[in-house]
Amino acid sequence: MTPTADRLDQARKLAYQQPVRSRELAASVADSARATGDRSSCARACWLVALGDVRVGSMADAIAALDEARRLFAEDGDSHGERLCEEVQAIALRRDGDLGGCRALLDDIDRRHSLPLDDFDSFVVHDSRALTLKSLGLTDRALSHFYA
């Protein structure tokens, strides 16, 4: 692995246990990647910044990082990255209290995408659905995602 890939991997590993540290590390990777023109690493780092901010930081910062990640993923034709951006958008809707909009977006994502997910991405997907369904009072459906 390259030093950039190692740092991105570290940021991913910290994303749910230490979201502030993950966000700081990802922001550092994004800055370095911008300076070297490494668009793929920049996109992934911006996505991790957005994930951290949408969970524990500034919503404005989350949206700015998400917009940059989304643009870079789209320019590179990275449909997996674009899907992950939609997942963060759904988390933002839930954080803003728009549970109906969040659930509609998650249902739409599930309907449109059948891309394989690694363990981390799968956790993001199931955690988001579980928390949304729990908030909507759909405990049994939420539990199936918590168990997944």
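How are α3 and α5 oriented to each other? The points below work through this question and then turn to other parts of the chain.

1. This is a predicted model, in which local features need pLDDT of at least 70, side-chain atom pairs count only at pLDDT 80 or more, and totals for chains, interfaces and linings use all residues. Residues are numbered from 1 along each chain as its sequence is written, and side-chain values use heavy atoms, with hydrogens and water left out.

2. Helix α3 (residues 39-56) and helix α5 (residues 79-95) have axes that come within 10 Å and cross at roughly 15°; helices here are DSSP runs of H or I with at least four residues, numbered from the N terminus. The axes are lines fitted to C-alpha atoms over the stretch in contact, with angles from 0 to 180 degrees between N-to-C directions. The two helices are therefore roughly parallel to each other, a label for angles under 35 degrees. Their crossing is left-handed, that is, the near helix is turned anticlockwise from the far one by less than a right angle.

3. On the α3 side this contact (heavy atoms within 4.5 Å) is made by Trp47, Ala50, Leu51, Asp53, Val54 and Arg55, and on the α5 side by Leu84, Cys85, Val88, Ile91, Ala92 and Arg95. Nine of these residues are nonpolar, none is polar and three are charged, where Ala, Val, Leu, Ile, Met, Phe, Trp, Tyr, Cys and Pro count as nonpolar, Asp, Glu, Lys and Arg as charged, and the others, Gly among them, as polar.

4. Helix α5 also packs against α6 (99-112), at an angle of about 165° and with the axes 7 Å apart. These two helices are therefore roughly antiparallel to each other, the label for angles over 145 degrees, and their crossing is again left-handed. The residues of the contact of α5 with α6 divide into seven nonpolar, two polar and six charged.

5. Within α5, the buried residues (under 20% relative accessible area, with a 1.4 Å probe and protein chains only) include Gly81, Leu84, Val88 and Ile91. What covers the buried residues of α5 includes α3, α4 (59-75), α6 and α7 (119-135). The helix has 17 residues and reaches 24 Å from its first C-alpha to its last, close to the 24 Å expected at 1.5 Å a residue, the expected span being 1.5 Å times one less than the number of residues.

6. Helix α2 (residues 19-36) has 18 residues that should span 26 Å, and its end C-alpha atoms are 25 Å apart, which agrees. Its buried residues, among them Leu25, Val29 and Ala33, pack against α1 (3-14) and α3. Just after α2, Gly37 takes a positive phi of about 80°.

7. Two single residues deserve a separate look. Thr4 lies in helix α1 and counts as partly exposed at 24% relative accessibility, that class lying between buried and exposed, the latter being over 50%. Not counting residues up to four places away in sequence, Thr4 touches Val29, Asp38 and Ser41; Ser41 is 37 residues from Thr4 along the chain, yet their C-alpha atoms are separated by 7.4 Å. Asp76 lies in the loop between α4 and α5, is partly exposed with a relative accessible area of 40%, and touches Arg39 and Ser40, again leaving out residues up to four places away in sequence.

Definitions and conventions: Angles under 35 degrees count as roughly parallel, over 145 as roughly antiparallel, 65 to 115 as roughly perpendicular and the rest as oblique.
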